[in-house]
Amino acid sequence: MVTSRSAAAARPERASLRRRGPVLERAILEATLEQLGSVGWNGLTMEGVAVGAQTGKAAVYRRWPSKEDLVADALQAGLPTLDEAPDHGAVREDLYELCLRVRDVMYSKPGFALRAVLHECDADSAGRFHELIVTGVVEPSTRLFREVLRRGIARGEVRSDAVDDLVLDVIPAMMMYRSKVCGSEWPDGEIAAVIDRIMMPLVRAERG
C-alpha cells in the first residue's frame, strides 16, 4: 500500500527528471545515439528515444520534427573533433598519430552510429548523412594530413610535390576500403604498416 509519506518521498525523484533546456537536449541526443547503436536506423523511433531520455515524446517533437533532423543533430553534436595536427618533429610519427585519431573518431559511438545509418537509410537521407561525414571527418582530416606533409616539406623530409589530392586520399581510401570490404578495425600495427609501406615511400624526399 502506498502511503502519503512514501508518495511524498517519491516526488523529489520524479522532479529530478524534469530537465529542461540544454540538459534535456543533451539527454535526448545521447539517447538517440544509444538507440542507433542498439536497434539501428530502421528500428529507431521518436518514442524509443523519448523513453531512453526519460522524457515525453512531445518534448522530442518540439525540438526535432523528424527522425532525420534528430539523428543529424545527434551525430553532429557527438562526433569528436579533429582540430589540431600532431607535431612530433617527424612526419612518420605525425602521420601515425593522426591516423590513430581518425580511427578513434570513426569507431567512437557517434562514428559507429553514423556508419550504421549510412548502411540502412534510403538514398535521400543517406545523402544528408554523407555530408556529415564530409564536413565532420573527411575535410578536417584532409586539412590535418596536408598540414603534416607541409611541415615535412619544410623540414626536408617530404618531396615538394607530395601535397596533392591523390596523395591526400591514400590513407582515407585505404581506411575506408579495409574497414568496409575487409572488416578491419584498424589495429595499431595495420596503421603503422600503411604509413611505413605506402605513405612514407610515396612522399619521402630523395636524398642527394
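Biologist: How much space lies in the largest pocket?

Modeller: About 310 Å³. A pocket here is an open set of points on a 1 Å grid over the protein atoms alone, where a 1.4 Å probe fits, with protein on both sides within 12 Å along at least five of seven lines; lining residues have an atom within 4 Å of a point. The volume is the space filled by probe spheres set on the points, which are joined across faces, edges and corners.

Biologist: Which residues lie nearest its centre?

Modeller: Val102, Met106, Pro172, Met175 and Met176, out of 18 lining residues. Two or more residues each come from α6 (91-106), α8 (123-155) and α9 (165-180), and α8 gives the most, with seven. Helices are DSSP runs of H or I, at least four residues long, numbered from the N terminus.

Biologist: And how does that lining divide by class?

Modeller: Into 13 nonpolar, three polar and two charged residues. Ala, Val, Leu, Ile, Met, Phe, Trp, Tyr, Cys and Pro count as nonpolar, Asp, Glu, Lys and Arg as charged, and the others, Gly among them, as polar.

Biologist: What about the second largest pocket, which residues lie nearest its centre?

Modeller: That pocket holds about 200 Å³. Of its 14 lining residues, Arg115, His119, Met176, Ser179 and Lys180 lie nearest the centre. α7 (109-120) and α9 are the elements that give two or more residues, and the largest share, five, comes from α7. By class it has seven nonpolar, four polar and three charged residues.

Biologist: Switching topic: where is Arg207, and is it buried or exposed?

Modeller: Arg207 sits in the segment after α10 (188-203). It counts as exposed because its relative accessible area is 67%, and exposed means over 50% (1.4 Å probe, protein chains only).

Biologist: What is Arg207 in contact with?

Modeller: Leaving aside neighbours within four places in sequence, Gly156 and Glu157; contact means heavy atoms within 4.5 Å.

Biologist: What's the confidence like?

Modeller: It's a predicted model: local features need pLDDT of at least 70, side-chain atom pairs count only at 80 or more, and totals for chains, interfaces and linings use all residues. Residues are numbered from 1 along each chain as its sequence is written, and side-chain values use heavy atoms, with hydrogens and water left out. The chain averages a pLDDT (the predictor's confidence in each residue, from 0 to 100) of 86, and 90% of the residues score at least 70. Over residues 1-16 the pLDDT is below 50.

Notes
Buried < 20%, exposed > 50% of the residue type's maximum accessible area, 1.4 Å probe, protein only.
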